[in-house]
Amino acid sequence: MNETARLIADDPIWLILLKVVGTFAFLVVMTLLTIWAERRVIGRMQQRPGPNRAGPFGILQSLADGLKLAFKEDIRPVLADKWIYILAPVVSATPALVAFSVIPVGGEVTILGERTALQLVELPVSLLVVLASASVGVYGIVLAGWSSGSPYPLLGGLRSAAQVISYEIAMGLSFIAVILYAGTLSTSGIVAAQENGWFFALLPFSFVVYAIAMVGETNRAPFDLPEAESELVGGFHTEYSSLKFALFFLAEYINMVTVSALATTLFLGGWHAPWPLYLVGDGVLNTGWWPVLWFLLKTMAFLFVFVWLRGTLPRLRYDQFMNLGWKVLVPLSLVWICAVTAIRGVRNADLVGSREFLFIGGGVVVALLLLAFLVPDRKPQPAEHDEDEVPLTGGGYPVPPVDLRVPESPRGTTVSATSGGRARLPESGQESTGSTKEDPDGSD
């Protein structure tokens, strides 16, 4: 048991309740501020003001929207499964709150004369708790899509199920290299292991994989396939309104805060002050309440990246999204883990010195770059097609033939004055509602 676990184990009940309330209030306030900041930043990117009416700089707009949702009419579709339809938003929001409980926000502090650590729960397997909470939270989206009794939410729920399987695997693989170097699954232990160097510089590939996976995990653009307003209306929450829709909204933004805080914990030193601030006063900026400031700044930097991606990148196609997860992130992560394990074994056995290690590593990187640039791309071989088969483009999508001719409209159509402008085709005797030359307006 480390020092953080011992401090938390001695917390009295009033301090535990204070931490629970404080954690919940922090996540709700961060959600309101993130929504406001997202609308302001995207407005600035698109050269428009954004919210600027409710409160100074429009900062109360998110609160106004929350109150508006609370007073909206709560409509339930007739075909919806009642209890699962009601339970789905709760299932989506609750794990998002639980996952943040293992994140260390700061170091040792004193609250009303009681020494404690700024962390709600400290477990030897804290990273597994985060992964489990993220996995359970997606069930809310899947159940919401299924229970709504509508095709568009169902499609959004199916997309979410496939999405979480592929990107949860990539996210879990990005943890392994961090665990190897930290030697623990405890979040506070990982922060302590980065006291002399952050893992994002030591494990850059794991950092990149996690950064991509956390965007896919939170259903944010350009990976917002389960919502996809352009083709699925609103996806899994199309049939939701009032407070149930607000819970989905709250879960999405709390998940953003949680994965950003976890990225800070795993790769950016957690609550440790950045260089060269940690050198000031023999590390005084890493004591007391100062670490909370560094933790918040790093977390908000990741939240800004979420907003930046939404304002700049278009939504990926579904096949591109799945190919990125299964054909790129997962295989490369496995190769990276093998490389990290081999490097750790060689370094721990003192078989290679630091200088030789740098020379060998640099040679391997140069060889891979040369191989990537010099090997020619494989040209696609023309496939043999049947005469009746629809030709495909390079992306695998059917296209109309080049010599396509639109058939002429049938001649001899007449307009009946007694049929309300309907044209009767003499060949088939069927009625058509289109207009003709005799009656261009389609009316009497």
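User: Which residues are linked in a network of salt bridges?
Analyst: The network takes in Glu38, Arg220, Glu252 and Arg310. A salt bridge here is a side-chain nitrogen of Lys or Arg within 4 Å of a carboxyl oxygen of Asp or Glu. This is a predicted model, where local features need pLDDT of at least 70, side-chain atom pairs count only at pLDDT 80 or more, and totals for chains, interfaces and linings use all residues. Residues are numbered from 1 along each chain as its sequence is written, and side-chain values use heavy atoms, with hydrogens and water left out.

User: How far apart are the closest N and O atoms of arginine 220 and glutamate 252?
Analyst: They are 3.2 Å apart in that salt bridge. The pair links distant parts of the chain, 32 residues apart: arginine 220 is in the loop between α9 (204–217) and α10, and glutamate 252 is in helix α11 (residues 242–267). Helices (H or I, at least four residues) and strands (E, at least two) are DSSP runs, numbered from the N terminus.

User: Arginine 220 and glutamate 252, buried or exposed?
Analyst: Both arginine 220 and glutamate 252 are buried. Buried means under 20% relative accessible area, exposed means over 50%, and partly exposed is in between (1.4 Å probe, protein chains only).

User: How many salt bridges does the count come to?
Analyst: The count comes to 12. One of them joins glutamate 231 and arginine 159, with the closest N and O atoms 3.2 Å apart. That pair also links distant parts of the chain, with glutamate 231 in helix α10 (residues 229–232) and arginine 159 in helix α6 (residues 151–182), 72 residues apart.

User: Why does arginine 159 count as buried?
Analyst: Because its relative accessibility is 18%. Glutamate 231 is at 34%, so it is partly exposed.

User: What about arginine 317 and aspartate 319?
Analyst: They form a salt bridge too, the closest N and O atoms being 2.9 Å apart. Arginine 317 is partly exposed at 38%, and aspartate 319 is partly exposed at 29%.

User: Rings next. How many aromatic pairs does the structure hold?
Analyst: It holds 19 aromatic pairs. Phenylalanine 26 and phenylalanine 100 have ring centres 5.6 Å apart and planes at 35 degrees, so the pair is tilted. The two belong to distant parts of the chain, 74 residues apart: phenylalanine 26 is in helix α2, phenylalanine 100 in the loop between α4 (82–99) and β1. Rings of Phe, Tyr and Trp (its six-membered ring) pair if their centres lie within 6.5 Å; planes under 30 degrees apart count as stacked, over 60 as edge-to-face and the rest as tilted.

User: And why is phenylalanine 100 buried?
Analyst: Because its relative accessible area is 4%. Phenylalanine 26 is at 23%, so it counts as partly exposed.

User: Which residues do ring pairs link into a cluster?
Analyst: The cluster is Phe175, Trp198, Phe200, Phe207, Tyr210, Phe267 and Phe302.

User: Where does the charged end of lysine 82 sit?
Analyst: Over the ring of tryptophan 83, 4.9 Å from its centre. Arginine 344 lies over the face of tyrosine 181, at 4.4 Å from the ring centre. The rule is NZ of Lys or CZ of Arg within 6 Å of the ring centre and within 35 degrees of the ring normal.

User: Strands now. How many bridges join β1 to β2?
Analyst: Four, and the strands run antiparallel, β2 being residues 114–117. Strands pair if DSSP finds at least two bridges between them. Glutamate 108 stands opposite alanine 117. The hairpin has two residues between the strands, and leucine 112 takes a positive phi near 55 degrees.

User: Last one: where does tryptophan 14 lie?
Analyst: In helix α2 (residues 13–45). Its relative accessible area is 37%, so tryptophan 14 is partly exposed.
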